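Please examine the sequence and the three-dimensional structure shown below. The report that follows describes selected parts of the two chains in turn.

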Amino acid sequence: MNLTLTAEQDLIVAMVRRFVREEIVPLELNLDPDADELPPADRERLVAKVKAMGLYGLDIPPEYGGPEIDLVTRTLIAIETSQHRAGLYAPCYGVFGGAGLAQLFEANDDQKKRYLEPMLRGEKRGFFGLTEPSGGSDPARAIRTRAVRDGDDWIINGSKIFISGADRAHFGLVFARTDAEKGRGGVTCFIVDTSTPGFHVRRIVHTLRAARYATELQFEDMRVPSANILGKLNGGFAIANDRLSRQRIPYAAGCIGVAIIAHEMAVEYSKQRETFGAPLSSRQAIQWMLVDNEIDIENARWLTLAAADRAERGEDFRKQAGMAKLVATEGASRVVDRCMQIYGGYGVTKDFPFERWYREMRIRRIGEGPSEVQRHIIARDILGESLR
Amino acid sequence: MSVRCNKPWQAIDAAALERLPGQLGVFELADATERVIFIGRADARSLFGLRSEVARHAKAIAAATSFRFEVTTAYHTRYLELLMAHRADHAGLPQYNEPMPTLGRLSPG
């Protein structure tokens, strides 16, 4: 077991850190504190820089043109790219590119040509449509959107909520019930063009976050051909489940990055800010907050890297990803809260990034499976079938 | 909350502008026929929130005769939603809004 970063990992982390601090953070001084995108000229310039660094499209498999970078290194990069005001939900404002909907790598050749390839070329955007008003934590049972066969087509009726990016997407993955009797074995994943009659983005669901805002979708007699079924009929739950487990690692990494930069700012501030004739850093109350920050960050960092390492080696990582997600989201929430406390009144103003981190971090304990569901997953792993 | 802004219009005059809150939010400007000609927001960079932003745009857009507003901390997403709803209803953005290539599509029904 080697807990030391390789020379290459050290180099990449340093390069990305410099990029974030020299290219992204200065731009944010002129953006609205709730901004979710860069001006087009800045975006183009920075995408070119990332491509020159060889780090564009990190999550794209090498056979599709992505850089061949292992998951542990990608996790280290994700910890770095979130270290700015919008970093939690818009890390580096997307200039590192991404794989988009990774489920499409499992699509058939025709679907890859129509959806995956244009998505990787940046010509089409997709959304992931799983959660419904009836619930998101138990998709196998909560999905009430129905797809009914009609010849070679399926007619879909229902609704989705808290769906990011649907208003700007060209297509999406929509999970619908195709067999009412089968529970998790009765859900199918459809690739749906957003231009399909009956597809509606009804509203933005306003939440604590500004970037990757959520929308509410409605499907009214939406006709989708059988050729647009992703994977197997009634095989949608496995597609959704795999995505949920994998997503927990970068989700945890983003929280750690924000915690690191918030903690760093608080450490510096505590050395400069004086009260009653001495710097805050000389007060034991403040020192203990900083110590607790350090412990929360280290805890989350090692658990998350360990989960990434297991996933990279092809081992079962469901429990580890759940632990990483749980510890990182809860720990980072505490860190941001303590840093706000150290900054005092300034900490709650929009002059500093803490208030945005505080708001957006609150969502992280709910999104991608709330803390309680992570504990349930871990308990099931410990207790096995006896839990059921 | 309604997708479209349904607050009553108020005539643009010095007294009404002075009464505007200094909080963050969104607003619409209309011409004499109550046609929406501009949708704006008072974001965290504004000096005096809605008070300064409505006044600034009302002064710059001579055709504006009335305004309405919503105080909201979700000014960014609400602003985008109002623009999207307007585009869905009128097949375009209000006359005095700049084009927004990355704006999403909404069909509010």
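Ile239(A) is buried because 20 other C-beta atoms lie within 10 Å, and 20 or more is the cut-off for a buried residue. This description, like every other in the report, refers to a predicted model. Ile239(A) belongs to helix H6 of chain A, which covers residues 236-272. Leaving out residues up to four places away in sequence, Ile239(A) touches Gln103(A), Cys189(A), Leu230(A) and Gly231(A). Between Ile239(A) and Tyr64(A) there are 175 residues of separation in sequence and 20 Å in space, taken from C-alpha to C-alpha.

Chain A is divided into domain 1 (7-100), domain 2 (126-230) and domain 3 (238-387). The centres of domain 1 and domain 2 of chain A, taken over C-alpha atoms, are separated by 30 Å. Six residues from domain 1 and five residues from domain 2 of chain A take part in the contact. On the side of domain 1 of chain A, these comprise three nonpolar, one polar and two charged residues.

The next topic is the pairing of strands. Strands of a sheet pair through backbone hydrogen bonds, in either a parallel or an antiparallel manner.

| Strand pair | Direction | Bridges | Residues standing opposite |
|---|---|---|---|
| S2(A), 146-150, and S3(A), 153-164 | antiparallel | five | Arg146(A) and Asn157(A) |
| S2(B), 25-30, and S4(B), 66-71 | antiparallel | six | Phe27(B) and Phe69(B) |

The hairpin of S2(A) and S3(A) has two residues between the strands, and Gly151(A) in this hairpin takes a positive phi near 65°.

In chain B, four strands form an open sheet in the order S1-S4-S2-S3, with antiparallel pairing. Strand S1 (10-11) and strand S3 (36-42) of chain B each have a single partner strand, so they stand at the edges and one side of each is left without a neighbour in the sheet. Helix H3 of chain B, residues 75-90, lies across S2, S3 and S4 of chain B and runs at about 165° to S3(B).

Which residues other than glycine have a positive phi? Tyr93(A) has a phi near 50°, and Glu34(B) has a phi of about 65°. Tyr93(A) is placed in the loop between helix H3 (71-81) and helix H4 (109-120) of chain A, whereas Glu34(B) lies in the loop between S2 and S3 of chain B. Are these two residues buried or exposed? Tyr93(A) is buried, since 24 other C-beta atoms lie within 10 Å. Glu34(B) is exposed, because 12 other C-beta atoms lie within 10 Å and the cut-off for an exposed residue is 12 or fewer.

Finally, the two chains meet: 15 residues of chain A are in contact with 18 residues of chain B. The side of chain A that touches chain B has five nonpolar, two polar and eight charged residues.

Technical notes. Residues are numbered from 1 along each chain as its sequence is written. Chains are lettered from A and ligands numbered from 1 in the order in which they are written. This is a predicted model: local features need pLDDT of at least 70, side-chain atom pairs count only at pLDDT 80 or more; totals for chains, interfaces and linings use all residues. Two residues are in contact if their C-beta atoms, placed from the backbone, lie within 7 Å. Ala, Val, Leu, Ile, Met, Phe, Trp, Tyr, Cys and Pro count as nonpolar, Asp, Glu, Lys and Arg as charged, and the others, Gly among them, as polar. Two strands pair if DSSP finds at least two bridges between them. Axes are lines fitted to C-alpha atoms, for helices over the stretch in contact, and angles run from 0 to 180 degrees between N-to-C directions. Domain bounds come from an automatic or database domain assignment.
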